[in-house]
Amino acid sequence: MTIRNIFPLKRHKGSEQLPKVLERGWDFGEQEGEAAFMKDRTMLSKLSAPIFLGLPVLIASLIANQAISQTALPGQSPAPAQAAASGDTDRQAQIEKGKYLATAGDCIACHTRPGGELFAGGVSFTTDFGTIYSANITPSSATGIGKWTKDQFTRAMRHGISADGSYLYPAFPYTAYTKVSDEDIDAIYEYLRTLVPVDYTPPKNQMPFPFNQRLLMMIWNKMFLKEGVFKPNNSKSTDWNRGAYLVEGLGHCGACHTPRNLIGGEISDQALSGGAYQDNIIDAVHGSEIVTIDDLMVRKWATSNLTSSARGLGEWSTDEIAAYLKTGHNARAGAFGPMAEVIKYSTQYLTDEDVHAMAVYLKSLPPIQQEISRPVSAEKMKQGEIAYSARCVSCHQPTGLGTPPAPNADRAHISPPLVGNTVVQAQDPATLINVILYGAHEIVQKENAWPKMPGLELDFGLDDNKIALIASYVRNSWGNQGDAVDPKDVTKQR
Ligand code: HEC
Ligand code: HEC
Ligand code: HEC
């Protein structure tokens with residue numbers, strides 16, 4: 001059997017592939033952090049000395065400062081030194097909060113191109129309507145948002161309108177950010193202003209007429225943008241409300257996990273039931289090696305059903321969801337595709353309380369079931385079982401239960417269960433096919449991460465029909481459910 005070399009391969013160079021800044025400065029507190037932060041911090045530690053002369057003074061100055069920021073009445077100011085000190089504490093706290101919220105919103109992932117400066121934009125997004133590049137959101141006056149007022153920034157986040165009044169494309173998830181509170185948008189704005197300004201102009205969008213007409217988005221917004229800040233539901237718990245706020249707002253989970261109609265609007269009555277979109281296949285697992293793919297291979301990825309459907313998170317516990325968001329894995333799954341990036345740049349940095357709250361909210365979503373319109377024939381199930389037995393069984397077992405990392409387990413075959421798996425049962429099989437073709441490995445490597453799964457494309461070169469049979473088989477065994485996979489679905493993912 002020959003190894004098929006279908007795309008130019010390069011040995012994985014590990015972290016050299018990633019933008020350096022991302023390697024360095026993004027862990028809160030643990031690592032160097034941006035220069036601006038450190039500067040603020042030193043200033044703060046100098047100024048804080050007089051504050052700690054006495055708790056009463058601190059409290060008084062905090063209260064006084066509150067009064068200033070709320071009413072801004074001259075003449076009510078406390079002694080100048082104290083005002084400056086506590087003002088700085090407040091500002092520092094606001095900026096830290098802004099950084100945290102920007103992380104929850106994953107601004108960095110979409111606004112930092114590989115090898116580029118943090119937040120300077122230029123990341124390309126392939127859509128059905130052309131290629132869009134993200135903007136420079138550093139405080140550069142010439143090429144970024146340095147001249148933007150807070151109101152202009154708020155208008156972009158809430159209504160998808162740029163400072164010059166032009167309409168933005170919803171590749172920027174303002175349809176979700178519209179739910180973010182004033183206070184939180186302010187904090188993000190203040191944080192972004194502390195970044196190092198970078199003069200960089202992203203490439204021009206490549207969109208054919210009529211999609212290059214931004215004014216079209218005015219009509220699109222009328223149809224699909226539901227403006228309005230998140231309103232808490234008083235009959236639900238604090239956790240539920242916090243989780244709903246994060247999932248629906250900054251987390252913009254629906255931007256990927258809600259199916260869209262032909263003109264790109266989220267189908268609201270199927271919210272979070274799993275969609276599909278285009279993203280790179282960054283690398284493949286060949287044997288035990290990770291090989292990067294030189295040319296940008298943009299392919300379809302399907303997203304999981306996050307509702308309580310048996311094909312979604314129905315069987316997951318709140319703790320399992322929280323663990324997945326925090327570490328990239330749990331006993332049921334590991335993040336290997338675009339979700340791994342979400343975890344890498346965003347959810348792993350959220351507090352335990354916040355990921356727990358998101359899990360509480362997700363667990364409360366009533367199941368959205370999808371109809372099976374293409375059942376698999378008994379004959380195809382039989383053929384699929386043979387192929388599964390040859391290629392998958394040594395790790396995922398005949399029962400589909402996988403090989404849990406128990407002390408007596410065969411280390412080489414440790415693998416998650418396919419029973420009840422959300423990737424296996426997703427309405428669209430694209431991600432399942434990607435796993436079979438290119439393998440899977442966790443990008444965030446926290447304790448107890450799953451080992452790598454080798455892809456079949458390179459190791460065995462199975463044809464589209466065999467891969468479709470395996471996929472159809474795992475989607476319809478052990479109680480799993482999913483439409484039959486067509487060999488044509490596999491061809492598209494090569
Ligand atoms: C899913 C990808 C994605 C995420 C996440 C994202 N953005 Fe963007 N953003 C874009 C794209 C793409 C554009 C360009 C849209 C266009 O040109 O119409 C953009 C544009 C913007 C603009 C408009 C800039 C201008 O010059 O008009 C602002 C402001 C902005 N983003 C801020 C943010 C902030 C703040 C966050 C995090 C809370 C964020 N973005 C998260 C993709 C993203
Ligand atoms: C950029 C698109 C994108 C965004 C944004 C996104 N996801 Fe995902 N998600 C995916 C994809 C693709 C998968 C399939 C598995 C993978 O990529 O590793 C997935 C899978 C999942 C899974 C199932 C994992 C499994 O293997 O069974 C969960 C749970 C999940 N996402 C939760 C979330 C939550 C919560 C949010 C919001 C904070 C979110 N996702 C935002 C793309 C996205
Ligand atoms: C050498 C052992 C091994 C073999 C053989 C193997 N897998 Fe895997 N599989 C794994 C490991 C390990 C993971 C976890 C990878 C990760 O999360 O990064 C995995 C993950 C998966 C996932 C994603 C589960 C999730 O949600 O995280 C699917 C789907 C899958 N395998 C299907 C298959 C199919 C179908 C075959 C046969 C074509 C197969 N695997 C063969 C070890 C294996």
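Modeller: Two residues are in contact when their C-beta atoms, placed from the backbone, lie within 7 Å. This is a predicted model, in which local features need pLDDT of at least 70, side-chain atom pairs count only at pLDDT 80 or more, and totals for chains, interfaces and linings use all residues. Residues are numbered from 1 along each chain as its sequence is written.

Biologist: Which residues is Leu-362 in contact with, leaving aside neighbours within four places in sequence?

Modeller: Val-247, Leu-306, Leu-313 and Ile-321.

Biologist: And how many residues does the largest nonpolar core have?

Modeller: That core has 102 residues, and Leu-362 is among those with the most contacts inside it, as are Met-358 and Ile-467. A nonpolar core is a set of buried Ala, Val, Leu, Ile, Met, Phe, Trp, Tyr and Cys residues joined through C-beta atoms within 7 Å.

Biologist: Which domains does this core draw on?

Modeller: Domain 1 (1-18 + 234-494) and domain 2 (34-104) each give at least three residues; the bounds come from an automatic or database domain assignment.

Biologist: Turning to ligand 2, which residues are closest?

Modeller: Cys-253, Cys-256, Ala-333, Gly-337 and Met-339 are the closest of the 28 residues that surround ligand 2, counting a residue whose C-beta atom, placed from the backbone, lies within 6 Å.

Biologist: Is Met-339 buried or exposed?

Modeller: Met-339 counts as buried because it has 23 C-beta neighbours inside 10 Å, and the threshold is 20 or more. Met-339 is found in helix α13, helices being DSSP runs (H or I) of at least four residues.

Biologist: How many residues surround ligand 3?

Modeller: 29 residues, with Cys-392 and Cys-395 among the closest.

Methods. Chains lettered and ligands numbered in written order. Buried ≥ 20, exposed ≤ 12 C-beta atoms within 10 Å, placed from the backbone. Helix = DSSP H or I, 4+ residues; strand = E, 2+ residues; numbered from the N terminus.
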